Amino acid sequence: MRKEDKALIIEKLGETLKTFPHFYLVDVTGMNAARTSAMRRQCFKNEVKMVVVKNTLLHKAFEASEIDYSPLYDTLKGTTAVIFTNVANAPAKMLKDFNAKNPKGVTIPELKAAYAEESFYVGADQLEALVAIKSKNELIADVVAMLQSPIQGVLSAIESGAATIHGVLETLAEKGE
């Protein structure tokens, strides 16, 4: 590959790193074409972008970035795919589901590391922690549910009080007849 091509790839990777707030480094060593195609389809379905890159070019893109990605340098071995996303837990859920369909003992693709919510997660054992990260929409739904809970309690108390008063009035009306 020519030096100009490498510089262009490094620049493009740098722009992509700035565009997406979260990314995962995944080991895809030994994946056959069918499984790679299935993985790419899964990425498309989950609205994430998967790119297989040379480790040295990715390393140089990390070095050129404003963020210090040095905790990820040791993971740049083997065949690396970078999964870029806007939702921090989407690739983790996708990887977990994808690996659940694997034959027993096969853990490819395997998480190498991730940069999500401005934190580094290094190692395949971090997959569960990444799955547990809540997305912005999930957090908003939790806050709305917490805000609705007291209001619903008050409303149900008012409704039950109204039903009780209505029942007493009906009983009194029947006795009066």
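Here is a short chat about how this predicted model is put together.

Reader: Before we start, how are residues numbered and what kind of model is this?
Author: Residues are numbered from 1 along each chain as its sequence is written, and side-chain values use heavy atoms, with hydrogens and water left out. Local features need pLDDT of at least 70, side-chain atom pairs count only at pLDDT 80 or more, and totals for chains, interfaces and linings use all residues, since what you have here is a predicted model.

Reader: What is the order of the strands in the open sheet?
Author: Strands here are DSSP runs of E with at least two residues, helices are runs of H or I with at least four, and both are numbered from the N terminus. Two strands pair if DSSP finds at least two bridges between them. The sheet has five strands with antiparallel pairing, and their order is β2-β3-β1-β4-β5.

Reader: Which strands stand at the edges?
Author: Look for strands with a single partner, because one side of each is then left without a neighbour in the sheet. Those strands are β2 (49-53) and β5.

Reader: How many bridges join β4 to β5?
Author: β4 and β5 form a hairpin with two residues between them, and Glu117 in the turn has a positive phi of about 50 degrees. Within the pair, Ala114 stands opposite Tyr121 in β5. The two strands run antiparallel, and the number of bridges joining β4 to strand β5 (residues 119-122) is four.

Reader: And on the β1 side, which residue of β4 is the bridge partner of Asp27?
Author: β1 and β4 run antiparallel and are joined by five bridges. In one place Phe23 stands opposite Tyr115 in β4. For Asp27, the partner in β4 is Glu110.

Reader: How many of the seven residues of β4 are buried?
Author: Buried means under 20% relative accessible area, exposed means over 50%, and partly exposed is in between (1.4 Å probe, protein chains only). Tyr115, which lies in strand β4 (residues 110-116), counts as buried at 9% relative accessibility. The strand is mostly covered, and the buried count is six.

Reader: How many aromatic pairs does a search of the whole structure find?
Author: Rings of Phe, Tyr and Trp (its six-membered ring) pair if their centres lie within 6.5 Å; planes under 30 degrees apart count as stacked, over 60 as edge-to-face and the rest as tilted. With that rule, the search of the whole structure gives 10.

Reader: What are the rings of Phe23 and Phe84 like as a pair, and how many residues apart in sequence are the parts that they tie together?
Author: Their centres are 6.2 Å apart and their planes at 50 degrees, so the pair is tilted. Phe23 lies in strand β1 (residues 22-27) and Phe84 in strand β3 (residues 80-85), so the parts tied together are apart in sequence by 61 residues.

Reader: What kind of pair do Tyr69 and Tyr115 make?
Author: Tyr69 is buried, with a relative accessible area of 2%. The ring centres of Tyr69 and Tyr115 are 5.3 Å apart and the planes are at 85 degrees, so the pair is edge-to-face.

Reader: What side chain makes a polar contact with the side chain of Lys112?
Author: A polar contact is a pair of N or O atoms within 3.5 Å; within protein, one must be able to donate a hydrogen and the other to accept it, and residues adjacent in sequence count only if both atoms are side-chain atoms. The Lys112 side chain reaches the backbone oxygen of Lys77 at 2.2 Å. The side-chain partner, at 2.5 Å, is Thr80.

Reader: Which residues are linked in a network of salt bridges?
Author: The structure holds three salt bridges. Lys96 in helix α4 and Glu128 in helix α5 (residues 127-132) link distant parts of the chain, 32 residues apart, with closest N and O atoms 3.3 Å apart. Glu4 pairs with Arg2 at 3.3 Å, and Arg2 meets Asp5 at 3.6 Å, N to O. The network is made of Arg2, Glu4 and Asp5.

Technical notes. Salt bridge = Lys/Arg side-chain N within 4 Å of Asp/Glu carboxyl O.
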